[in-house]
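Work through these exercises with the structure open beside you. Try each task before you read its solution.

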Amino acid sequence: MSKLEIKGVSKQFGAGDTVHRVLDDVGMRIAEGEFVTLLGPSGCGKTTLLTIVAGFQHADEGVVLLSGNVTDGPGPDRGFVFQSYALFPWMNVRDNVLFPMRQVAMSAEDQERRLAELLALAHLSGKEHLYPHQLSGGMKQRTALVRALACSPEVLLMDEPLGALDYQMRMLLQGELEAIFMRERVTVLMVTHDVEEAVFLSDRVLVMGLGGGRIVRDLKIDLPRPRQRKSERYHHYKDVLTDALRDAMGGAGLEALERLEMGAAQAELPPLSVEEIEVGMMGQ
Amino acid sequence: MEASRGAVRRSAGVTPPQARGKQANGGFLGWVSRQQWILSVGVILIVWQLAAAHYDAEIILPYPAATLKALAAALVDPETLINLGITLGRVLTGFAYALIIGVPLGMAMGASKKVRRVVSPIVDSVRQVPIMAWVPLTIVWFGLGDGPTLFLITMVGVFPILLSTIAGVDNISPDFFHAARSMGASKGSIIKNVVIPAAGPDILTGARLAMSAGWMSVI
């Protein structure tokens, strides 16, 4: 049985003549312990799909099954890591990480034990009394990650978790994320438009196309962990996915690049990395 | 990189006042920044004194010294103090009513578009009524006791609190609500741990406005 199954999910926005069908009968199965990445150009509906899985919005049609049970609304069985971190600025690291544990009435001893474990995992020991505004981007990201992992969710959902960081920090954190996932062994569904990130972290990459969010490519990344960026096969996977992403964008290359840039400006992201610009331009 | 930027920002917040103090040690500007209140009070007293000397008539403008003497006499007069206490009590009671009505209603209106659509027309029309226009009605309704005063203080206080609470709740990032719900937080927990801390500063701004409006209308 799949850990997470998405069945015939459709979602449209707008009404009348301006209906935009973002997702049209999308389906996928994710096995227990698998790290799956949804890779696709901006506007392909991958984040919409992820928020439907999280329960933040409802699908017009179709269901999301978690361990065989239909999900309804958000819940602690699905952890979520936001691109904006969504750490509570009025709580320090300790209270932020304890927050989910306090919601499920975990015993005080278990809370302290789990907290110490998570802080060590995220290299945040000794930082528990700092507030989010006193943390670096990488530290915020790691805090958000262990907060989502605190109650051992059945599946972890991540929306461009490293999207707000600069290129070097992103590379560094990809390695740390991998180490954390090798320890915690959690099922993950991540959304990104960064090919490198998809190859480095995933067991399987699903490439989503523009228009209806159909899956145009389902690629197993068969590389040993921890991943080495220098191996020939690593680069082979990157090339295959880059091609798939270009096909997914169809003729909309320039438009997609503009959207990428506009999206980056709106999210107050650092300037696009060379790689993102390459990915965006390839469809031209 | 983020960390160093944060460090720069933090130190930037602390350094300038110290640096200004050091650079301007003994200089006129440094003296002003430390003694501003003496300067401004002094200017007021001088201008007041000159103006009073110009008219030289207590009925138009008494001298500062005479006024201060009267203030000192009032402060030791038990009757004044009792009345001051009564006034303070009225303002605080009215303010408390305004908080009790304004904060929960503002939260409901900020959190739910439906509630806002239903309540807004009532609030927005009542809000436009000039405060003095309520006076005859309140005397009819409550008689001549504390009732009208309390009603008016509550009335002027409730709107700043209400509007700032709505704005405060409205401005909370949806991600905070999503995060709390995905971590299993109940409605009560979300209000206590997300809504109140996030909207708190805005609610306090409204409360300060309500307090000063209450003082002004109590007279």
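A residue is buried when its relative accessible area is under 20%, exposed when it is over 50%, and partly exposed in between. Keep in mind that this is a predicted model.

**Exercise 1. Classify two aromatic residues, A:Trp90 and B:Phe176, as buried, partly exposed or exposed.**

Step 1. Take B:Phe176. Its relative accessible area is 14%. The cut-off for buried is under 20%. So B:Phe176 is buried.

Step 2. Take A:Trp90. Its relative accessibility is 24%.

**Exercise 2. Explain why the pair of A:Phe35 and A:Phe181 ties together parts that are apart in sequence.**

Step 1. Start with the total. Over all chains, there are 13 aromatic pairs.

Step 2. Describe this one. A:Phe35 and A:Phe181 sit 5.4 Å centre to centre, with 75 degrees between the planes, and form an edge-to-face pair.

Step 3. Find the elements. A:Phe35 lies in strand E3 of chain A, and A:Phe181 in helix H5 (residues 167-184) of chain A. The pair therefore ties together parts that are 146 residues apart in sequence.

Step 4. Check the surroundings. A:Phe35 and A:Phe181 are both buried.

**Exercise 3. Give the strand order of the open sheet of four strands in chain A, and say what packs on the sheet.**

Step 1. Read off the order. It is E2-E1-E4-E5, with antiparallel pairing.

Step 2. Name the edges. Strand E2 (20-30) and strand E5 (69-70) of chain A each pair on one side only.

Step 3. Inspect one pairing. Strand E1 (residues 4-13) of chain A and E2(A) run antiparallel and are joined by seven bridges. A:Phe13 stands opposite A:His20 in E2(A).

Step 4. Judge how covered the helix is. Eight of the nine residues of H1(A) are buried, so the helix is largely enclosed by the rest of the structure. Among them are A:Leu49, A:Leu50, A:Ile52 and A:Val53.

Step 5. See what comes next. A:Gly55 follows H1(A), and its phi is positive, near 95 degrees.

**Exercise 4. Decide which residues cover the two faces of strand E7 of chain A, and name the neighbours of the strand.**

Step 1. In a regular strand the side chains alternate between the two faces of the sheet.

Step 2. Sort the residues. A:Val155, A:Leu157 and A:Asp159 are on one side of E7(A), and A:Leu156 and A:Met158 are on the other. All of these are buried, and both faces are covered.

Step 3. Find the partners. E6(A) pairs with E7(A) in the parallel sense over four bridges. A:Val81 stands opposite A:Met158. Strand E8 (residues 187-192) of chain A also pairs with E7(A) in the parallel sense, over five bridges. There, A:Thr187 is the bridge partner of A:Val155.

**Exercise 5. Where in chain A is confidence highest, and where is it lowest?**

Step 1. Take the average. Chain A has a mean pLDDT of 84, and 88% of the residues score at least 70.

Step 2. Compare elements. Strand E3 (residues 35-39) is highest, at 94, and helix H9 (residues 274-281) is lowest, at a mean of 40.

Key:
Residues are numbered from 1 along each chain as its sequence is written. Chains are lettered from A and ligands numbered from 1 in the order in which they are written. This is a predicted model: local features need pLDDT of at least 70, side-chain atom pairs count only at pLDDT 80 or more; totals for chains, interfaces and linings use all residues. Side-chain values use heavy atoms; hydrogens and water are left out. pLDDT is the predictor's confidence in each residue, from 0 to 100. Rings of Phe, Tyr and Trp (its six-membered ring) pair if their centres lie within 6.5 Å; planes under 30 degrees apart count as stacked, over 60 as edge-to-face and the rest as tilted. Buried means under 20% relative accessible area, exposed over 50%, partly exposed in between (1.4 Å probe, protein chains only). Two strands pair if DSSP finds at least two bridges between them. Contact means heavy atoms within 4.5 Å. Axes are lines fitted to C-alpha atoms, for helices over the stretch in contact, and angles run from 0 to 180 degrees between N-to-C directions.
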